[in-house]
Amino acid sequence: MKIGFIGLGKMGLPMAKNLCKAGYSVYVHSGNSDSQAQMLQDGALAINSFNEMAQLCDVVITIVPADKEIKELYLSADGLIANAREGVTFIDMTSAKGNTKELVNEEMKASDKKLQFVDAPVSGGVAGAVNGALTIMTGCEKDTFEAVKPILEAMGKNIIYTGDVGTASNVKLLNQMLNAGNTAVAAEVLCMSRKLGVDDEVLKNVVSQSSGQSFVFDKNVTKFMMSGEHTPGFRLNLMKKDVGLFIDAANELEGFTPVTHLVYELFRACANSGMGDLNYTSIHKWIEENQ
């Protein structure tokens with residue numbers, strides 16, 4: 001099986017490397033010469049263009065910054081759909097709105113090329129990508145899911161079927177909003193705890209055994225905020241983007257999301273202060289500086 005991979009960024013590069021480790025023939029084309037070189041060292045094969053990839057490969061995986069790039073890549077007059085040979089399966093792993101993925105899927109169905117589209121955003125950050133331990137939410141036709149599951153298992157350990165195309169991206173948005181909101185509240189709590197003179201270890205021990213306990217508190221507060229270490233695994237600018245996508249989706253449905261808007265403004269202020277390329281837990285650093 002020939003697999004094309006588009007998007008060799010911080011997440012995509014280790015994901016593509018894991019496909020090589022699993023024994024797949026991986027084809028790459030990237031403007032990032034360092035990423036391209038690393039892939040070739042790991043056994044990938046170079047290809048001249050994305051369009052050639054869509055002609056040669058059986059499966060093409062894409063992970064790009066956001067909805068705009070998805071539409072340009074797939075839907076443009078000289079994009080992947082226009083240039084794909086018959087029967088190609090496309091797996092998009094970008095964090096984006098569900099209706100963007102639905103639009104791409106509709107265009108594929110209208111092409112009469114028997115193309116298959118898989119909506120497969122991921123959770124787990126760079127560490128999860130490196131270790132092949134991502135959670136991969138997957139929305140597509142059930143038989144397509146069964147066909148691509150071995151490929152996804154080369155990149156993640158939790159492969160969860162969510163239903164039709166678009167459902168996976170919607171679930172990812174919901175999860176990210178919970179993550180962002182919990183992280184913002186946890187950052188405020190740690191700041192207040194220190195102002196009250198509570199020892200960090202005491203706070204950690206009590207919360208870990210009480211009703212305030214959460215995955216976010218156990219991971220983000222103890223590993224990042226208490227240590228002051230915010231080396232990016234998932235950049236704050238990306239979390240701000242995901243919260244913004246949640247707001248866009250809510251606005252389209254006339255949803256009432258006052259807390260989400262407040263969380264977005266906190267992340268936006270933090271990004272505007274110059275912390276956008278730090279880990280998203282750096283919101284604690286910004287709140288602490290503005291006490």
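What follows is a walk through pockets, a surface patch and salt bridges.

This is a predicted model, where local features need pLDDT of at least 70, side-chain atom pairs count only at pLDDT 80 or more, and totals for chains, interfaces and linings use all residues. Numbering runs from 1 along each chain as its sequence is written, and side-chain values use heavy atoms, with hydrogens and water left out.

**Stop one: the largest pocket.** Select Met11, Gly125, Val126, Gly233 and Phe234, the closest to the pocket's centre of the 47 residues lining it. The volume here is about 1,200 Å³. (A pocket is an open set of points on a 1 Å grid over the protein atoms alone, where a 1.4 Å probe fits, with protein on both sides within 12 Å along at least five of seven lines; lining residues have an atom within 4 Å of a point.) Colour the lining by class and you get 20 nonpolar, 20 polar and seven charged residues. (Helices are DSSP runs of H or I with at least four residues, strands are E runs with at least two, numbered from the N terminus.)

**Stop two: the second largest pocket.** Now pick residues including Lys97, Asn170 and Phe246, which line this one. About 220 Å³ of space lies inside. Which helix gives the largest share of the lining? That's α12, with four residues.

**Stop three: a nonpolar surface patch.** Select Met192, Leu196, Val198, Val202 and Val206, which together have about 440 Å² of accessible area. (Patch residues have over 30% relative accessible area and no salt bridge, and nonpolar side chains are joined within 5 Å; areas use the Shrake-Rupley method with a 1.4 Å probe.) Val206 sits in helix α10 (residues 200-207).

**Stop four: salt bridges.** There are 12 in the structure, each a side-chain nitrogen of Lys or Arg within 4 Å of a carboxyl oxygen of Asp or Glu. Show Asp119 and Lys101, paired at 2.8 Å, N to O. Asp119 lies in strand β6 and Lys101 in helix α6, so the bridge ties together parts 18 residues apart in sequence. Buried or exposed, Asp119? Buried, at 0% relative accessible area (buried means under 20%, exposed over 50%, partly exposed in between).

Last, select Glu288 and Arg194, with their closest N and O atoms 3.2 Å apart. Glu288 is partly exposed at 37%, and Arg194 is partly exposed at 29%.

Notes:
Points joined across faces, edges and corners; volume = space filled by probe spheres on them. Nonpolar A, V, L, I, M, F, W, Y, C, P; charged D, E, K, R; others polar. Patch = residues over 30% accessible without salt bridge, like charges linked within 9 Å, V, L, I, M, F, W, Y side chains within 5 Å. Buried < 20%, exposed > 50% of the residue type's maximum accessible area, 1.4 Å probe, protein only.
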